[in-house]
Amino acid sequence: MAEVEKKEKKKEYNLKEFTTCESTLMMLQKAAAEGVDNAFFRAAEMKPCPIGMESACCKHCAMGPCRLNPKDPYSRVGVCGATIDTIAARNFARMVASGAAAHTDHGMTMLDVFRDVVNGKIKDYKIKDEVKLREVAKSVGIEVEGKETLEIAKELYHELEKTYTQVEGEIPFAKRVPPKTLETWRKLGIVPRGAMREIMELMHRSHMGVDQDYRNIVLQCSRTALADGWGGSMVATEISDILFGTPKPLVAAVNMGNLKEDHVNIIVHGHEPNLFESMIDSVNDPKLIEKAKEAGAKGIQLLGMCCSGAEALSRHGIPHAGNFMSTEAVLVTGAVDAMAVDVQCIKQGLSTVAKCYGTRLFTTNPRCKIEGVEHIEFHEREPRKCTDKIVEMAIERFKNGRPDRIVIPPRRDFGVHGFSHEYINYMLGGTFRASYKPLNENIINGKIRGVAGVVGCTNPRVRQDWVHVELVKELIKNNVLVVQTGCSQIALAKAGLMKPDAAVLAGDGLAEVCEAVGMPPVLGLGSCVDNSRILIACAEMVRIGGLGESIADLPVAGAAPEYMSEKAICIGQYFVASGVYTVFGVTFPTIEGTKFHKHLFEELEEMGLGKWGFATDPIEMAHKMIAHIDKKREALGIMG
Ligand code: XCC
Ligand code: SF4
């Protein structure tokens, strides 16, 4: 512990300002007492760079880095002459490219797995949801009548591969876009080709000395982001459903109280469901359970964190330990015997915290190694080699490596998860009328004012979970039905809003619908790639009719109130490009009053798309979204 003590903070933090998550707070108190560093403390120590925060610097070439003055952004240009609008737009473009790359690479991995399942090279997974396979195939124009499952799967693979590799023409899922929305995209030249091509072009155009018209850069940002939302992410969701099952509502528990002191505790944290699925098999293997028992444990407890955790929660009811800003905190319990990570949102700081408590931390994906962390590579053709090994290491740590003191926060919060868009369809339509028609009808008759997607990360720059929870409460109070994914969904689950009885917090109209259907006012749809389920739901609302002809006409809005990742920026841009007003919190990488800012926040809407918004206060954020929903209702003539 010597090294740990050295780092002990002299400063006293008011830890309650860091988080509203009781469990995380408890663990931060323990970490502070034990001198264990973490992202909350580091954020308090490190103030963000004021120039970078407003995206007023450029390091795209060695004539710079060039810094402009955020207070007077037009007073200077970069060495090459780049204006603030060019610099901020290029920085934004790089975030979109990186975010799109992350989701599309994840989607491509799922497609690799699918191909190998279809070819018979992977034996551990199989096509679990044939109905979904046929539906997805039909949606991209594949004839399914009279064909065998495998034949359809092969054709679907070849079609969906185009999502990534197609050099010209429109990606397959463009067929799911409402015609009027698609027409707007065609007019603007932003219907995506393959994601690889779009990301490549966006990286090219944001290189020094290429695209220096912010409006033109933003067009390619939209095209690239759409290649994620209606491409990479959508493929990830659809293939995961086909291979691992389409989620249906189930009751499941979140929060750190799901750890069990007398069990071997294993956490899977990351994004790709394949690692998680195999880990489920491993922890249920009687031989490994027996081994755990021989080591003195009552059994093996598996938990998820972040997005693959949200998927396993939705599909299988596996308990979820917490969102992004709880990943270090959970290790402070001392109860985690092993944590396996794959890709995305894996803090390097986990490594230090894990060492402090003897938790065995493993990287598993060749894309994501961490210096000083043991790597056990996961291969889908022999997945159990990796996951069994990790279970064995966890058992070993349970037996010989546990710290003297283990503290498990007692909270477990139950709720209903697993609302795939297919299920929402079924639930609202009833058995004989499976469609979104009743949702549209309830929006038209005003019981439901509109629909809001509240998604995204947690971020130590704001009080963990607080903005998510207050925003969602205000929305449902005003009869806005909320759909959720990712870390935001976990925040609301911890706050108890994923239960049907949370309808008491909703306005009269929404509460009436919730009670009639028996659903909560807040619907959890899964991980961040599952934001594609929200796009499909929007397309379906347009198709059913009565709410306008394009997604931009719908009384809907989106928010990522505590975002931190580049993926979130990309998601925001694809919602905006799809026609949705999307509000972000924390900070926004533009300077108010600049042309680029005005373009994102106003002009995109005038072009027939959605637009960006920004607010840090949850109540203000909610009312921005509600005002937008009301504006759309008025345009549709369904106001009073
Ligand atoms: Fe990561 Fe996906 Fe953000 Fe959570 S919400 S912090 S991106 S885990 Ni996706
Ligand atoms: Fe400076 Fe222009 Fe180079 Fe950017 S591209 S670092 S603004 S000279």
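**Ligands first**

Trainee: Which residues surround ligand 1?

Mentor: Ligand 1 is surrounded by H271, C306, C307, F324, C345, G456, C457, C487, C528, M564, S565 and K567. A residue is counted there if one of its heavy atoms lies within 4 Å of the ligand. Before you go on, this is a predicted model, in which local features need pLDDT of at least 70 and side-chain atom pairs pLDDT 80 or more, while totals for chains, interfaces and linings use all residues. Residues are numbered from 1 along each chain as its sequence is written, chains are lettered from A and ligands numbered from 1 in the order in which they are written, and side-chain values use heavy atoms, with hydrogens and water left out.

Trainee: How does the shell around ligand 1 divide into nonpolar, polar and charged?

Mentor: Eight nonpolar, three polar and one charged. Here Ala, Val, Leu, Ile, Met, Phe, Trp, Tyr, Cys and Pro count as nonpolar, Asp, Glu, Lys and Arg as charged, and the others, Gly among them, as polar.

Trainee: What holds the nickel on the protein side, and how many donors are there?

Mentor: The nickel atom of ligand 1 has a single protein donor, SG of C528, 1.9 Å away. Donors are N, O and S atoms within 2.8 Å of the metal (3.2 Å for Na, K and Ca), and water is not among the atoms, so sites may look incomplete.

Trainee: Where is C528 found?

Mentor: In the loop between β13 (522-524) and α22 (531-544). Those labels are DSSP runs numbered from the N terminus: helices are H or I with at least four residues, strands are E with at least two.

Trainee: Where does ligand 1 sit?

Mentor: In the second largest cavity. A cavity is a set of points, on a 1 Å grid over the protein atoms alone, where a 1.4 Å probe fits but cannot get out. Sitting in it means that more than half of the ligand's atoms lie within 2 Å of its grid points.

Trainee: And ligand 2, how many residues surround it?

Mentor: 13, and the closest are C58, C61, C66, C80 and M208. That shell has nine nonpolar residues, three polar and one charged.

Trainee: Change of topic: which two residues does the cis peptide bond join?

Mentor: G64 and P65, with omega about 0 degrees. P65 lies in the loop between β1 (57-58) and β2 (66-67). Most peptide bonds are trans, and most residues other than glycine have a negative phi.

Trainee: On phi, what does D465 have?

Mentor: A positive phi, near 75 degrees, in a residue other than glycine. D465 is in the loop between β11 (450-454) and α19 (466-477). V586 also has a positive phi, near 65 degrees, and lies in the loop between β15 (581-584) and α24 (595-606).

Trainee: Is D465 buried or exposed, and why?

Mentor: D465 counts as buried because its relative accessibility is 2%. Buried means under 20% relative accessible area, exposed over 50% and partly exposed in between, with a 1.4 Å probe and protein chains only. V586 is buried because its relative accessible area is 13%.

Trainee: How many residues of helix α20 are buried?

Mentor: Nine of its nine residues, 486-494. Among them are C487 and K494. C487 is also one of the residues around ligand 1. Just after α20, G496 takes a positive phi of about 80 degrees.

Trainee: What do the buried residues of α21 pack against?

Mentor: α18 (437-444), α19 and β12 (480-484). In α21 (residues 508-517) the buried ones are G509, L510, A511, V513 and C514. Contact means heavy atoms within 4.5 Å.

Trainee: Last one: where is I122 found, and what does it touch?

Mentor: I122 is in the loop between α5 (84-118) and α6 (130-139). Not counting residues up to four places away in sequence, I122 touches V113, D116, V117, E380 and R381. I122 counts as buried because its relative accessibility is 4%.

Methods: On a 1 Å grid over the protein atoms alone, a cavity is a set of points where a 1.4 Å probe fits but cannot get out, and a pocket is an open set with protein on both sides within 12 Å along at least five of seven lines; lining residues have an atom within 4 Å of a point.
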